[in-house]
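The sequence and the structure come first.

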Amino acid sequence: MERTRLRRQVALTRQSLFDQGFLDEQFIQLEDLQDDANPNFVEEVVTLYYRDSARLITNIEKALEKNSLDFNKLDGFMHQFKGSSSSIGAKKVKAECTLFREYCRAGNGEGCTRTFQQIKKEYATLKRKLEAYFQVVRQAGPAETACWPK
Amino acid sequence: MMQGNIWISLNPLGSAQSMTLVLRFQIRPSYGRATFAPGTSSEQPSSNPQFRGLRVILADDDALNRTVTKKLLEKLGCEVTAVSSGFECLSALSSAENSVRLVVLDIQLPEMHGFEVATRIRKVRSRSWPLLK
């Protein structure tokens, strides 16, 4: 049956996101919050993340372009960005954010710039993967969002 | 149930931002002893009977955190009003009068620091009037 195939695809896709280290347990916490009242909660939160964090990314980019880097400001932006990324379980993004903050504290501008490129890369990759994932979730139908194997 | 103000550092989502939980419970006869008989709860297995119907004001300027925390509190059975600033928090409280039992504040709110909001709430809620501006 098509439904069964799709459900299996959803489960496999989801598992691979965890296995490959893109997501951590925090994502499961979001899934646990999803219910009949908010059947698309996880997707909504992820969409919100990508919408809100785009602004932060731009701010960090601008701040990194300055001749003299304001590490406190950069750290402040990154603290916020890391927090949001953490909230959706973005494991790889979060790890790079931690590294970025370490470079900020060390006053290492080059390290910051380099790490930021990596953050953008991970951020974009995750976005692509999550978009593909939610597409399959939607195709599989509403019943799929209700319960996940733990 | 607790009396007075208790500060707890709440980090339910493991996020980098810390949150401060301000518990303001007045002694009310209806709360008395919350004995919980097995099998009485419920439609929502995860909801705590002590939280059910609890009116909460959640103040966080981050939309993402606000959304997730609100849902988390609702899952516990709370009735949540979400605001994004200290000022909104104070005005929401004044319109709700005594029915709000719990205020969850992000410590870093724009314009007014979380601690300041809490201090103002405390002053307003004390037995002595007038209201503090």
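## Fold of chain A

Read from the N terminus, the elements of chain A follow the order α-α-α-α-α-α. The model is predicted. Its chain A has 6 helices and 0 strands. Along the principal axes, the C-alpha atoms of chain A fill a box of roughly 60 × 30 × 20 Å. Chain A has 150 residues, and 48% of them count as buried. Among the contacts in chain A with a separation of 6 or more, 68% are between residues 24 or more positions apart.

## Helix 5 and its surroundings

Helix 5 of chain A covers residues 91–106, which is 16 residues. From first to last C-alpha, helix 5 of chain A reaches 23 Å, close to the 22 Å expected at 1.5 Å a residue. The buried residues in helix 5 of chain A are A:Val93, A:Glu96, A:Cys97, A:Phe100, A:Arg101, A:Tyr103 and A:Cys104. Viewed down the axis of helix 5 of chain A, these buried residues fall within an arc of 160°, so they line one face of the helix.

Just after helix 5 of chain A comes A:Gly107, with a positive phi of about 65°.

Helix 6 of chain A contains A:Tyr123. Is A:Tyr123 buried or exposed? Its relative accessibility is 11%, so A:Tyr123 counts as buried. Leaving out residues up to four places away in sequence, A:Tyr123 touches A:Tyr49, A:Tyr50, A:Ser53, A:Ala54, A:Ile57, A:Phe81 and A:Val93. A:Val93 is also one of the buried residues of helix 5 of chain A. A:Tyr123 and A:Ser85 lie 38 residues apart in sequence, and their C-alpha atoms are 9.0 Å apart in space.

In helix 2 of chain A, the residues A:Gln26, A:Phe27, A:Leu30, A:Glu31 and A:Leu33 are buried. They cover an arc of only 160° around the axis, which puts them on the same side of helix 2 of chain A. These buried residues pack against helix 1 (2–19), helix 3, helix 4 and helix 6 of chain A, together with helix 1 (63–75) of chain B.

The interface values are tabulated here.

| Item, chain A and chain B | Value |
|---|---|
| Residues of chain A in contact with chain B | 20 residues |
| Residues of chain B in contact with chain A | 15 residues |
| Area buried between the chains | about 1,500 Å² |
| Part of that area on carbon and sulfur atoms | 60% |
| Salt bridges across the interface | 2 salt bridges |
| Polar contacts, both residues at pLDDT 80 or more | 4 residue pairs |

Within chain A, the residues that lose the most area to chain B are A:Leu33, A:His79 and A:Ser87, together 31% of what that side buries. A salt bridge joins B:Lys71 and A:Asp35, with the closest N and O atoms 3.1 Å apart. Helix 2 (25–33), helix 3 and helix 4 of chain A each supply at least two residues of the side that touches chain B. Helix 4 of chain A gives the largest share of that side, 6 residues.

How values were computed. Residues are numbered from 1 along each chain as its sequence is written. Chains are lettered from A and ligands numbered from 1 in the order in which they are written. This is a predicted model: local features need pLDDT of at least 70, side-chain atom pairs count only at pLDDT 80 or more; totals for chains, interfaces and linings use all residues. Side-chain values use heavy atoms; hydrogens and water are left out. Helices (H or I, at least four residues) and strands (E, at least two) are DSSP runs, numbered from the N terminus. The expected span of a helix is 1.5 Å times one less than its number of residues. Buried means under 20% relative accessible area, exposed over 50%, partly exposed in between (1.4 Å probe, protein chains only). The arc is that of the directions from the helix axis to the C-beta atoms. Contact means heavy atoms within 4.5 Å. Buried area is the accessible area (1.4 Å probe) that two parts lose on being put together, summed over both. A salt bridge is a side-chain nitrogen of Lys or Arg within 4 Å of a carboxyl oxygen of Asp or Glu. A polar contact is a pair of N or O atoms within 3.5 Å; within protein, one must be able to donate a hydrogen and the other to accept it, and residues adjacent in sequence count only if both atoms are side-chain atoms.
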